[in-house]
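I opened a notebook on this structure to keep track of what I looked up. The entries follow in the order I made them.

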2 protein chains.
Amino acid sequence: MERKRISESTIHRLSLYLRTLAELDADGQATVSSKELADREKLTPAQVRKDLSFFGSFGTRGLGYPVIELKDKIARILGVNRTWNVAVIGVGNIGSALVSYKEFARQGFRIVKIFDNDQRKIGSNHKGIQVSDFKDFADEAPEAGVEIAIIAVPGPIAQYVVDDVVRAGIKAILNFAPVNLRVPADVYLRNENMSMELEYLSFAMVNNHVQKKTRRTV
Amino acid sequence: MERKRISESTIHRLSLYLRTLAELDADGQATVSSKELADREKLTPAQVRKDLSFFGSFGTRGLGYPVIELKDKIARILGVNRTWNVAVIGVGNIGSALVSYKEFARQGFRIVKIFDNDQRKIGSNHKGIQVSDFKDFADEAPEAGVEIAIIAVPGPIAQYVVDDVVRAGIKAILNFAPVNLRVPADVYLRNENMSMELEYLSFAMVNNHVQKKTRRTV
DNA sequence: TAACCTATGTGACGGGTTTCACATGACTCG
DNA sequence: CGAGTCATGTGAAACCCGTCACATAGGTTA
């Protein structure tokens, strides 16, 4: 399959478009122009059209894009036109917040397992899911069809946890622990660094940094 | 003050360097080369050197960078060599997780106020802080010296909340609500979109997307 | 059906960011 | 103290990404 390199920025923007399209759909709007989409995301119309053009022609000249159809197309491109089974590891502050985070479910990410290594937490119930002992990850995760693992454990133990997760055959990991993790090349690892944006704000304020049309509004 | 445009990517990488330098310092390592720093972040040594060179010459040829000194320099650049007073608005799942998130404190972001509009939550105690009524934001936030507001309220009310926050004179906002917010040009707004990285993982898996040296590992 | 209007899709362009490559300078060892 | 080694700092080159501008085509109206 011949495929152009799609930049990370483009993918992230598709996420933005998807969200906005869902809003437009909820408002009952039938079509949307690249201009309107761009205005909402603080991007340029050309940017929107270019992003979409990597994947096909979804619009109608002179009219715009059909909202529902485009939403479905982007969902398909991103792979969220289906359900993904997710395990959350670590049910501390962050972990339990994620378990309750409705936006994940809305995007098709279904949390089916929760793990922890704290005896006091194991067996307790979060949103209808019994917390399992992380020791049993290798058995229980595949059994439950887990495809994505979210790491929400303290930094110091995150590498050990991720090693076990990789050994259990998981190929996609989202890490909330504030450390750099090492994984084999065939495992997808993404990091969610919540301090990063605060630090950006800090930098901007200290330096009176000029706001710009950010390439990526996270 | 004449200053080059510093790209967003560079600032984000400085955050990464800062974190890694803290780890290295904790390990007792005295110096670090651009190569070692690059390997840890999956970047190139040239990238690291270029990023730092925007702000000065911090290294010693033939030797590398002094860990502690560089850490302090970057902290100063990012503006985190001081304390920032932060208010968290909305003490639901995400909000209360953020209040307890130790990494913020470690980076100098001190949560001094918590607001909500739910009578059942107002007055309750989170990590030693009494939850205030959001109605009183305009009075209490300036009084407490709040400089940054974190929005952790449900999407549908986020724009109203942010409008009030702006009216109260806050110039820096970190938004966790999954919606696009509008703020005046002189207000710094950053978004934390936690679904975005999950969607990236989804895209990568569906498309067998080749891992690359990502410009920005969030 | 024809003319007009409008917004897409896309090649060309331009700017900005990353990578390259090497001169430079600091430290080390004999 | 001088030669050798090593990693920085930085112009130049390469590359990638976003913007521009317009030909194109679908819709609409008369």
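**Entry 1: chain A as a whole.** Before counting, I noted that helices (H or I, at least four residues) and strands (E, at least two) are DSSP runs, numbered from the N terminus. On that basis I count nine helices and nine strands in chain A. I also noted that this is a predicted model. Along the principal axes, the C-alpha atoms of chain A fill a box of roughly 60 × 45 × 35 Å. I looked up burial next: 56% of the 218 residues of chain A count as buried. For contacts in chain A between residues at least 6 apart in sequence, I found that 56% join residues at least 24 apart.

**Entry 2: how the two chains are related.** I superposed chain B on chain A, which takes a rotation of 179° with 0.0 Å of shift along its axis and leaves an RMSD of 0.2 Å. The two copies are thus related as by a two-fold rotation axis. I then asked which residue of chain B comes closest to the rotation axis. It is Ala97(B), whose C-alpha is at 3.2 Å.

**Entry 3: the interface.** The size of an interface is often given as the accessible area lost when the parts come together. For chain B and chain A I have about 7,700 Å² buried between them, with 57% of it on carbon and sulfur atoms.

I went on to the polar side of the interface. Across it I have 23 residue pairs in polar contact.

**Entry 4: Ser202(A).** I picked this residue from helix H9 (residues 194–207) of chain A. Is Ser202(A) buried or exposed? Its relative accessible area is 0%, and the cut-off for buried is under 20%, so Ser202(A) is buried. I looked for its partners in chain B and found that Ser202(A) touches Leu78(B), Gly79(B), Val80(B), Trp84(B) and Phe109(B). With Trp84(B) there is a polar contact, side chain to side chain, at 3.1 Å.

**Entry 5: Asn85(A).** I turned to strand E3 (residues 84–89) of chain A, where Asn85(A) has its place. Asn85(A) counts as buried, at 14% relative accessibility. Leaving aside neighbours within four places in sequence, I list its contacts as Arg110(A), Val112(A), Ala144(A), Gly145(A), Val146(A), Glu147(A) and Ile148(A). A polar atom of the Asn85(A) side chain lies 3.2 Å from the backbone oxygen of Gly145(A).

**Entry 6: helix H2 of chain B.** I asked which residues of helix H2 (residues 34–41) of chain B are buried. They are Ser34(B), Leu37(B), Ala38(B) and Glu41(B). These cover an arc of only 100° around the axis, which puts them on the same side of H2(B). I then looked up what covers the buried residues of H2(B), and the cover includes helix H1 (8–26), strand E1 (31–32), helix H3 (45–53), strand E2 (65–66) and helix H4 (67–78) of chain B. Last, I noted that Lys42(B) follows H2(B) and has a positive phi, near 55°.

Terms used:
Residues numbered from 1 in each chain as written. Chains lettered and ligands numbered in written order. Predicted model: local features only at pLDDT ≥ 70, side-chain atom pairs only at ≥ 80, totals over all residues. Heavy atoms only, no water. Least-squares fit on C-alpha atoms with pLDDT ≥ 70 in both. Buried < 20%, exposed > 50% of the residue type's maximum accessible area, 1.4 Å probe, protein only. Arc of directions from axis to C-beta. Contact = heavy atoms within 4.5 Å. Buried area = accessible area lost by both parts, 1.4 Å probe. Polar contact = N/O pair within 3.5 Å; in protein donor to acceptor, adjacent residues only side chain to side chain.
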